[in-house]
Amino acid sequence: LTAALCSAGSLRRGVSGFQHVLYTKEDPLVILSSGSLKSSVTNSSSAWLLQFFSSWCGHCVQYSSTWKILAEDVKDWQTVIVVSVLDCAQEENYDICREFGVQLYPTIKYFHAHSPESDRGTIFRGADRQVQVMRHLMVDILQNHTKLERPDHCPPLETYRYSEDLLPLLGQRSEYYTAIIVEEPESYIGREVILDLLMFSGVEVKRALSSDRLLMDALKITTFPSLYLLHPNSTHTELHIEKKQRFFFSSLLKMLPGVQRKPRGFGRTSATGLLEALSGKATSVSWRTFNSVKVYTADLESALHYLLRVELATHDYLEGEELNIFKDFVTVVAKLYPVGGSVVKLMKTLSNWLSSIPLQRLSYQKVLDLVDNKMRIAGMFLGAELRWVGCQGSRAGLRGYPCSLWTLFHILTVQHDAMPTALENTGLEEEAAPVLQVMRRYMRTFFGCGECGRHFEQAAASSMDQVENKEDQILWLWDQHNRVNARLAGTLSDDPQFPKALWPGPTLCASCHEEKNGVHIWNRNKVLVFLRQHYGASNLSPKYSIRPPEPPSEPAQFHPFQKEHQEDNKELNLKFKEHPESQARHQIIKQDAGGPEGGVWVLGLGFNSIDMSLCVVLYVCSCLVLMFLFFFFKVKSKRWKHRQSHLQV
């Protein structure tokens with residue numbers, strides 16, 4: 001024991017050479033230091049909940065995960081109460097921890113808003129420091145304050161009475177929704193939902209108690225907690241909540257039409273002005289009605305169109321590692337794209353060609369020629385138009401391509417699970433998570449948003465090696481997508497009409513959501529079932545997809561020999577497409593610019609109409625010569641036989 005204490009003491013004294021990082025800037029909390037503590041909590045417009053910890057303290061290490069969960073759980077409350085940490089094991093923080101009376105770790109203190117400089121905080125002395133208890137403490141801090149200590153942006157948390165506050169609202173028109181949560185007096189759900197909606201506009205949440213008999217009789221409410229909604233058009237109704245949990249109440253209100261997340265870091269006035277300015281510059285786009293339960297092939301086709309014709313076009317040549325990464329991407333899409341048709345034929349043709357060419361340096365123009373089907377291969381087509389449906393944004397510049405790319409890779413992970421042998425003999429089957437690895441390499445190499453690619457690479461480097469099977473592959477991508485949504489929620493890239501939130505929401509998959517010790521958790525088995533169904537081939541809708549153009553009609557005057565020759569060409573082209581070696585040679589030869597427009601491609605040699613006419617003439621002449629030779633030798637043979645018979649006589 002003495003040796004252990006001495007070791008701990010020496011560790012603390014030599015902390016400058018010891019770093020045990022429990023919290024990083026990626027966590028949704030504020031990391032304070034000796035230089036920022038006083039300036040942050042003194043006369044602050046918000047309250048603070050601060051954990052003094054020590055990075056050498058074993059209990060602090062264990063408790064760090066709980067504190068991070070708490071910070072994530074209440075991140076939308078940050079404008080009124082901030083979750084923060086300070087590491088007392090850092091040498092520069094020794095004096096400030098002593099000044100604030102910290103003797104044991106972890107020590108949790110809270111500071112009311114507008115605290116004076118002399119305030120050293122109030123210690124929380126409860127034995128239970130789990131998330132739900134700490135969250136209730138935060139609610140109590142915000143509700144039990146003096147007029148001076150009230151945070152500037154704190155919404156009213158007191159209860160409303162029917163006769164005094166709520167009766168005048170019934171039957172009145174408004175510019176926003178009014179949600180009334182009726183609950184038992186000891187319940188915290190109503191106040192927590194009020195704070196959850198703090199960063200959202202278009203709805204106001206009020207709390208009422210089940211002890212208000214006049215309210216119960218007027219609204220006919222019998223179960224608690226319940227949600228009663230007053231619509232802007234003066235109608236009102238009780239909303240059905242499948243599970244009486246805080247997450248379900250908050251999610252339902254956030255999804256109401258017109259309810260939008262306020263941009264992060266902006267006040268209401270400035271944010272509105274900025275959005276109006278951006279919207280004024282946006283190009284008006286016709287809205288496409290869609291069903292959020294469905295996945296639309298138009299989004300997938302738009303993603304491939306943008307990827308192949310726009311994003312890839314920034315590379316004049318593909319060579320070395322870039323070329324290999326592109327080959328792997330095309331292979332995965334060709335093998336796992338969930339629906340057949342012209343897009344699959346294009347990707348398979350492109351994949352066969354890329355796998356057969358011996359070149360290590362390839363011109364992008366050659367790829368584009370094949371994508372645009374310059375060879376006029378029947379049945380191969382990819383629309384050259386962006387048609388976002390499920391990924392359309394409320395204005396130009398929002399959602400669109402990133403959304404569709406996420407959707408494409410979600411579908412590929414689900415298809416790999418449904419078709420486990422699809423990637424055999426491709427060189428990718430040896431990887432535990434081939435779809436994720438291909439996505440990782442593509443994002444790192446080709447994705448236009450460099451910062452986004454770096455974020456994805458960091459996430460992949462930290463946890464992708466833990467993916468061991470196809471089910472893990474599906475869930476890993478879903479989890480990372482939710483993490484990205486959480487990080488970008490409320491930023492300028494967040495569409496106010498489609499705010500980034502945990503997905504799937506309760507309306508799509510109620511069984512995916514559960515609660516443990518008052519904290520929302522995912523039922524991952526139910527999530528896996530949902531993802532398999534949602535991104536399965538049977539849930540794809542072809543509505544709004546661009547159809548291949550109709551083949552040109554046959555001319556009225558058409559020479560029979562020319563028609564026969566065209567049929568021969570079709571047969572030759574069919575054989576050509578079945579042999580990748582011939583296809584490779586065909587693709588490497590580029591059509592010369594000297595021929596007239598409208599030439600017919602035969603085996604990639606670029607015969608024009610004059611060449612075809614000469615071929616027909618030559619064909620006819622050859623037939624005539626052969627017929628002449630046939631009759632000539634026929635007559636000669638008869639004469640020769642006749643002479644032989646006379647000689648014998």
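## A buried aspartate

D494 is found in the loop between α18 (470-488) and β15 (513-516); helices (H or I, at least four residues) and strands (E, at least two) are DSSP runs, numbered from the N terminus. This is a predicted model, in which local features need pLDDT of at least 70 and side-chain atom pairs count only at pLDDT 80 or more, while totals for chains, interfaces and linings use all residues. Residues are numbered from 1 along each chain as its sequence is written, and side-chain values use heavy atoms, with hydrogens and water left out.

D494 is buried but has no salt bridge. Buried means under 20% relative accessible area, exposed over 50%, and partly exposed in between (1.4 Å probe, protein chains only). A salt bridge is a side-chain nitrogen of Lys or Arg within 4 Å of a carboxyl oxygen of Asp or Glu. For charge, Lys and Arg count as positive and Asp and Glu as negative; His and the chain ends are not counted. The nearest side chain of opposite charge to D494 is R261, 4.0 Å away. Leaving aside neighbours within four places in sequence, D494 is in contact (heavy atoms within 4.5 Å) with R261, L488, A489, P499 and K500.

## A buried glutamate

E301 lies in helix α11 (residues 297-311). E301 is also buried without a salt bridge, and R387, its nearest side chain of opposite charge, is 7.5 Å away. Not counting residues up to four places away in sequence, E301 touches Y337, V343, L382, S545 and I546.

## Nonpolar cores

A nonpolar core is a set of buried Ala, Val, Leu, Ile, Met, Phe, Trp, Tyr and Cys residues joined through side-chain atoms within 4.5 Å. The largest one has 74 residues, and F326, F329 and V367 have the most contacts inside it. Helix α12 (residues 321-336) gives the most to this core, with 9 residues. A second, separate core has 71 residues, including V41, A71, V85 and V131.

F329 touches L304, L307, L408, F409, V438 and Y442, again without residues up to four places away in sequence.

## Strands and sheets

Two strands pair if DSSP finds at least two bridges between them. An open sheet of 5 strands has the order β1-β3-β2-β4-β5, with mixed pairing. Its edge strands are β1 and β5 (122-123), each pairing on one side only. Within this order, β2 (residues 47-53) and β4 (residues 107-111) run antiparallel and are joined by 5 bridges. The bridge partner of L50 in β4 is K109.

Strands β9 (residues 226-230) and β10 (residues 236-239) pair in the antiparallel sense over 4 bridges. Y228 stands opposite E238 in β10. The hairpin of β9 and β10 has 5 residues between the strands, and S234 takes a positive phi near 85° there.

## An exposed valine

V21 is placed in the loop between α1 (2-13) and β1 (30-32). V21 counts as exposed because its relative accessibility is 56%. V21 and V61 are 40 residues apart in sequence and 9.4 Å apart in space, C-alpha to C-alpha.

## The whole chain and its confidence

The protein chain has 22 helices and 17 strands. Of its 649 residues, 44% count as buried. Among contacts between residues at least 6 apart in sequence, 74% join residues at least 24 apart.

pLDDT is the predictor's confidence in each residue, from 0 to 100. The mean pLDDT of the chain is 85, and 82% of its residues reach 70 or more. Over residues 1-19 pLDDT stays under 50, and the model has 14 contacts beyond four places in sequence for them. Over residues 555-606 pLDDT also stays under 50, with 57 such contacts. Where pLDDT is low, the predicted coordinates should not be read in detail.
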